[in-house]
Amino acid sequence: MSGTPRTPSTPPARPMLVLLWLTVTVVAGGGPEGAVQFLAVGDWGGVPDPPFATPREVATAVAMGRAATELGADFVLSLGDNFYYEGVRDEWDPRFEETFERVFTAPGLQELPWFLLAGNHDHAGNVTAQLAYGHHSPRWHFPHYYYSLRLSLPGTNTSARLLVLDTVLLCGGGDDFGTEGGAPRGPRDAAAAAAQLTWLRGRLAAARHDRYVLVAGHYPVWSVAEHGPTACLVQLLRPLLRRHRVTAYLCGHDHNLQFLAEGGVGYVVSGAGNFMEGSQHHGGAVPPGSLRFFFGPPSSPGGFAHLRLDAHAATVTFLEATGRVLYSVALPPRDL
């Protein structure tokens with residue numbers, strides 16, 4: 001079932017944010033329709049040389065601002081690779097200003113909080129500096145390498161859960177532009193990877209009464225594109241997503257837009273914030289019939305996803321930076 005999102009009758013107010021250990025509560029300001037809405041964009045991290053932002057990143061930022069105003073958004077979810085190609089040096093690195101603050105300036109974005117996770121290019125630099133940057137910017141929310149967002153659906157007594165992972169700590173580093181496709185090489189710290197997995201199992205079990213459960217990470221579970229499926233996540237994460245009836249897994253890493261469905265779980269790839277690649281090199285590596293949508297023409301000015309969670313459905317809409325709606329799918333609430 002698919003459809004395009006409707007414009008809310010009143011613009012959403014800025015969410016209230018309450019940090020409780022590693023759980024952030026997001027209370028949407030939305031109108032009477034009772035929805036939480038957000039934008040999901042990955043791999044938007046500019047370039048390390050002047051002007052430090054690509055034309056595609058700039059176009060995507062403008063389109064995100066327009067979507068936030070016209071469709072509604074309570075926050076932005078960044079899916080990693082926030083700074084190409086080697087992350088940032090420290091919390092005062094000028095790249096925060098050059099690639100983030102000066103680019104995402106549209107009126108629709110200025111009051112929105114960003115929730116972030118780290119990609120492999122961020123791990124090539126100093127991720128703790130990205131965690132610390134929240135002290136410098138009111139928009140930047142990166143409380144821990146992995147954390148939980150509780151999303152309260154306004155006008156209802158229901159909630160959703162968004163679990164944010166660090167798939168690089170879980171599976172190891174890899175280079176997007178490596179000669180061997182940049183496959184993760186295994187975690188540097190096996191104990192830390194195991195601790196994250198234990199945390200995830202606990203949070204998934206605790207979310208059993210949430211109407212929707214979303215999980216986000218940088219590496220894809222399933223992807224038909226250049227990097228393809230992440231074997232580590234297919235082995236470790238996919239069984240958990242299915243067992244706990246997760247609504248969708250969101251990621252970046254491959255530089256295009258994709259939607260796949262397998263085992264009752266939706267797989268959203270939104271990695272078109274800075275580069276666009278059309279390869280479907282791994283088309284034969286995903287479950288047969290799972291790919292429902294793919295968009296990656298190199299001539300495109302970029303794209304992102306808009307998600308709307310209400311009492312009836314979790315609607316995922318892919319938009320090109322031109323504003324064109326590319327694909328929309330409505331995912332049902334979990335059977336509680």
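Biologist: Where does Asn-126 lie in this predicted model?
Modeller: Asn-126 is in the loop between α4 (120–123) and α5 (127–132). A helix here is a DSSP run of H or I with at least four residues, numbered from the N terminus. Residues are numbered from 1 along each chain as its sequence is written, and side-chain values use heavy atoms, leaving out hydrogens and water.

Biologist: Why is Asn-126 called partly exposed?
Modeller: Its relative accessible area is 25%. Buried is under 20% and exposed over 50%, with a 1.4 Å probe and protein chains only, so a value in between is partly exposed.

Biologist: What is Asn-126 in contact with, leaving aside neighbours within four places in sequence?
Modeller: Val-88, Arg-89 and Asp-90; contact means heavy atoms within 4.5 Å.

Biologist: How do you know that Asn-126 is a glycosylation site?
Modeller: That comes from an unreviewed UniProt entry, whose "glycosylation site" annotation covers Asn-126. Such annotations may be inferred rather than shown by experiment, so the label is an annotation from a record.

Biologist: What is the mean pLDDT of the chain?
Modeller: The mean is 90, and 88% of the residues reach 70 or more. Over residues 1–21, however, pLDDT is below 50, although this stretch has 57 contacts in the model beyond near neighbours in sequence. Where pLDDT is low, the predicted coordinates should not be read in detail.

Terms used: This is a predicted model: local features need pLDDT of at least 70, side-chain atom pairs count only at pLDDT 80 or more; totals for chains, interfaces and linings use all residues. Helices (H or I, at least four residues) and strands (E, at least two) are DSSP runs, numbered from the N terminus. pLDDT is the predictor's confidence in each residue, from 0 to 100.
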